Amino acid sequence: MNQKKIESEKIAYRLISNSILIVVLSISYALLWYFKILGLMQYHFLTIGNYLMIGIYAVLTIVMINTFKGFMIGMQRISILCMSQAIAMGIVNILMAIITILMTRVKEYVWATLGLYFILTLVQCVLVLTVVWVETKLYRYFFPPFEVLHIRGDHENNLVEKMNRRTDKYRIKEEISCFEPVEKIADLIHKFDAVLINDVPSKQRNDILKVCFDAGVRVYFTPKISDIIIQGSDEINLFDTPLYLCRNTGLSVFQAFVKRLGDIIISLIGIILTSPVMLITAIAIHKYDNGPVFYKQTRCTKDGKEYQIMKFRSMITNAEADGKARLAAENDDRITPVGHFIRATRIDELPQFFNILKGEMSVVGPRPERPEIIAEYVKTVPEFAYRMRVKAGLTGYAQVYGKYNTTSYDKLKLDMIYVEKCSVLLDIQLILMTLRVILTKDATEGVEEGKTNAGV
């Protein structure tokens with residue numbers, strides 16, 4: 001099987017599919033513009049002006065869908081793609097509605113304009129669902145799942161189980177230990193479309209990677225912490241020997257200033273906009289059992305500094321009366337009815353805007369853990385302390401791409417990716433991606449009953 005040809009065909013298919021999607025969405029806006037919006041304006045544009053508005057809409061659509069990872073036809077599930085694109089179109093239409101209102105400058109047309117853009121968003125959701133469903137089904141027809149060889153190490157994990165759930169992309173047909181002779185592994189590799197190198201020691205992994213490179217076989221592998229640390233390295237071309245520089249300095253002074261300024265602005269806006277929701281939540285929690293509204297707990301932020309995190313109480317009072325720290329289980333009887341709702345909708349996290357305003361947290365960063373849980377994790381995974389190289393956050397890389405019950409080691413890897421790649425632009429992307437996470441139920445799955453942590 002010519003893997004290079006297949007990859008080229010996939011790229012071409014995605015390019016055509018995404019272009020069709022953009023054209024369909026732009027046409028829907030163009031129809032609204034010509035048949036409705038122009039009628040609200042006191043002065044009509046010339047032909048070039050109309051084309052310019054449609055062009056601006058198309059560019060905004062491309063930027064927002066790309067921000068929400070909505071162009072990954074054939075890679076993401078249909079539901080995730082549609083949700084990403086629907087959220088992206090909602091944001092684009094809000095921006096265009098504001099621009100339209102400013103352009104018409106007629107107060108009487110404000111609600112009419114908002115109504116038109118709301119209808120456009122609903123129509124586009126249907127269009128997105130239809131186009132993405134057809135394009136994904138065709139993709140799966142033209143590009144069947146890869147037959148994968150699983151090369152395992154000593155440590156067990158559930159990665160194979162996760163990949164087997166994506167039957168549209170992977171079929172793990174056989175497995176072999178990484179400690180088998182390289183020649184035997186090489187003979188097997190040539191029979192498969194792809195190889196999964198799963199938690200394999202560095203020496204064996206390097207040998208297998210070279211075999212795969214020589215055979216032209218695609219490789220999936222689980223990164224080690226050292227792999228993530230060197231991701232942001234710069235290539236140095238001062239000598240005739242290849243050299244990479246890993247600075248390990250984090251954000252620059254200017255970026256840190258912009259990040260802090262953004263935290264202050266976003267937390268103030270968040271407090272103002274969500275104050276009605278927080279008031280209603282506080283009343284509901286107090287009415288249920290006359291207990292305290294807020295729940296304060298010691299957490300660790302940058303450099304291990306401790307502070308009191310604020311959350312709406314979602315559990316019964318004295319939920320940890322035995323003094324033992326443990327995470328919420330999947331069907332935890334300590335969670336109140338009000339608590340189930342505010343946890344599912346993330347409303348319980350809203351008081352953390354005050355922590356952000358005080359500078360104890362950031363909007364984006366690794367989620368803060370309790371000192372005793374960090375101490376427990378560090379016993380098995382000493383690198384877990386690396387998460388505290390940056391300030392703790394309300395949302396973050398692990399929250400966007402992981403789940404509540406993601407193992408501590410996988411959370412560490414996700415958070416380390418953020419520590420290495422952190423920037424103001426990445427923060428903006430993660431904030432926007434959090435909107436999608438809020439609507440994803442499995443992101444709030446608890447750990448198994450009786451667990452004190454998510455597993456190391």
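## Basis of the description

Axes are lines fitted to C-alpha atoms, for helices over the stretch in contact, and angles run from 0 to 180 degrees between N-to-C directions. Helices (H or I, at least four residues) and strands (E, at least two) are DSSP runs, numbered from the N terminus. The model is predicted, so local features need pLDDT of at least 70 and side-chain atom pairs count only at pLDDT 80 or more, while totals for chains, interfaces and linings use all residues. Residues are numbered from 1 along each chain as its sequence is written, and side-chain values use heavy atoms, with hydrogens and water left out.

Helix H1 (residues 3-40) packs on helix H2 (residues 47-67) at an angle of about 140 degrees, the axes being 10 Å apart. The two helices are therefore oblique to each other, a class left for angles that are not under 35 degrees (roughly parallel), over 145 (roughly antiparallel) or 65 to 115 (roughly perpendicular). H1 passes H2 in a right-handed crossing, meaning that the near helix is turned clockwise from the far one by less than a right angle. Contact (heavy atoms within 4.5 Å) involves residues including Trp 33 and Tyr 34 of H1 and Tyr 51 and Tyr 57 of H2.

Against H3, the angle of H1 is about 25 degrees and the axes are 13 Å apart, which makes H1 roughly parallel to H3. Leu 21, Leu 25, Tyr 29, Trp 33, Ile 37 and Leu 40 in H1 meet H3 residues, among them Met 89, Met 96 and Met 103.

## Helix H3 and its contact with H15

The axes of H3 (residues 78-104) and H15 (residues 424-438) come within 10 Å and cross at roughly 125 degrees, and the two helices are therefore oblique to each other. Ile 80, Met 83, Ser 84, Ile 87 and Ile 91 in H3 meet Leu 432, Leu 435 and Arg 436 in H15; by class, the contact has 6 nonpolar, 1 polar and 1 charged residues. H3 is followed by Arg 105, whose phi is positive, near 55 degrees.

Key:
Nonpolar A, V, L, I, M, F, W, Y, C, P; charged D, E, K, R; others polar.
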